[in-house]
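Colleague: I'm new to this one and would like to go through it with you piece by piece. Could you put it up on the screen?

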Amino acid sequence: MLVHVLLYEAGTESEGIHSLELKGTTVILMFEDRDDADRYCGLLEAQDFPTPSVEELTRRDIEAFCIESGYEARYVEKGFIPSTDEERLLISPPLSNLEVGNWKNQDNLIEPASSTNDQLEDIKKRLENLL
């Protein structure tokens, strides 16, 4: 199954994946619907946050990446309606974001280290081979 994730500087050495910090856990969002992912990107941009690109990858690969990295993957179904403040963050970013000028050192964002880049590149290559 394909999902949509938000990547920053996709295809570069400083590539990173958008994440949230929820109750001490780093969470990666996987959107079922591309329109929901695009809307989330627009909301980030409206907050003067760098706009990520939406990339389509397999859910299994993103979940494996999260397990290997110590993160939690959260699936956001099309038409998802939140029932708590925490769930609201799955469809709308927090009102404040971390400064990204020094994002490699922030705990709430995945460090775009070469191992992370390599893992994301491997996932992309596997997906391309399937198509």
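Colleague: Let's start with D61: where is its place?

Modeller: Bear in mind that this is a predicted model. D61 sits in helix 2, the stretch that covers residues 59–69.

Colleague: And is D61 buried or exposed?

Modeller: D61 counts as buried, because its relative accessibility is 7%, and the cut-off for buried is under 20%.

Colleague: What does the side chain of D61 make a polar contact with?

Modeller: Its partner is the side chain of T58, and the distance of that polar contact is 2.9 Å. As for the other end of the chain's numbering, the C-alpha atoms of D61 and L2 are separated by 9.5 Å, although these two residues are 59 apart along the chain.

Colleague: There's another aspartate I was looking at, D36. Which helix does D36 lie in?

Modeller: D36 belongs to helix 1, which runs over residues 34–46.

Colleague: Which side chain of opposite charge is nearest to D36, and how far away?

Modeller: That would be R39, at 4.6 Å, whereas a salt bridge needs the nitrogen and oxygen within 4 Å. D36 is therefore left without a salt bridge, although it is buried.

Colleague: What does D36 touch, not counting residues up to four places away in sequence?

Modeller: On that basis D36 touches F31, E77, K78 and G79.

Colleague: Changing topic, how many residues has the largest nonpolar core?

Modeller: The largest nonpolar core has 17 residues, and those with the most contacts inside it are L6, L20, L29, F31, Y40, L44 and V76. Strand 1 (2–8), strand 3 (20–22), strand 4 (25–31) and helix 1 each supply at least two residues of this core, and helix 1 gives the most to it, with 4 residues.

Colleague: Now the charges: how many salt bridges does a search of the whole structure find?

Modeller: The search finds 5 salt bridges. One of them joins the side chains of E86 and K23, at 3.3 Å from N to O. Because E86 lies in helix 3 (residues 85–88) and K23 in the loop between strand 3 and strand 4, the pair ties together parts that are 63 residues apart in sequence.

Colleague: Are those two exposed or buried?

Modeller: E86 is partly exposed, with a relative accessible area of 21%, while K23 is exposed, at 77%.

Colleague: And which residue does E63 form a salt bridge with?

Modeller: E63 pairs with R59, the closest N and O atoms being 2.9 Å apart. The two are 4 residues apart in helix 2, so about one helical turn separates them. Both are partly exposed, E63 with a relative accessible area of 28% and R59 with 25%.

Colleague: What about E72, which side chain does it meet in a salt bridge?

Modeller: E72 meets R74, at 2.6 Å from N to O, and E72 is partly exposed, with a relative accessible area of 30%. Salt bridges that share partners join K23, E72, R74 and E86 into one network.

How values were computed:
Residues numbered from 1 in each chain as written. Predicted model: local features only at pLDDT ≥ 70, side-chain atom pairs only at ≥ 80, totals over all residues. Heavy atoms only, no water. Buried < 20%, exposed > 50% of the residue type's maximum accessible area, 1.4 Å probe, protein only. Lys, Arg positive; Asp, Glu negative; His and termini not counted. Contact = heavy atoms within 4.5 Å. Polar contact = N/O pair within 3.5 Å; in protein donor to acceptor, adjacent residues only side chain to side chain. Core = buried A, V, L, I, M, F, W, Y, C linked by side-chain atoms within 4.5 Å.
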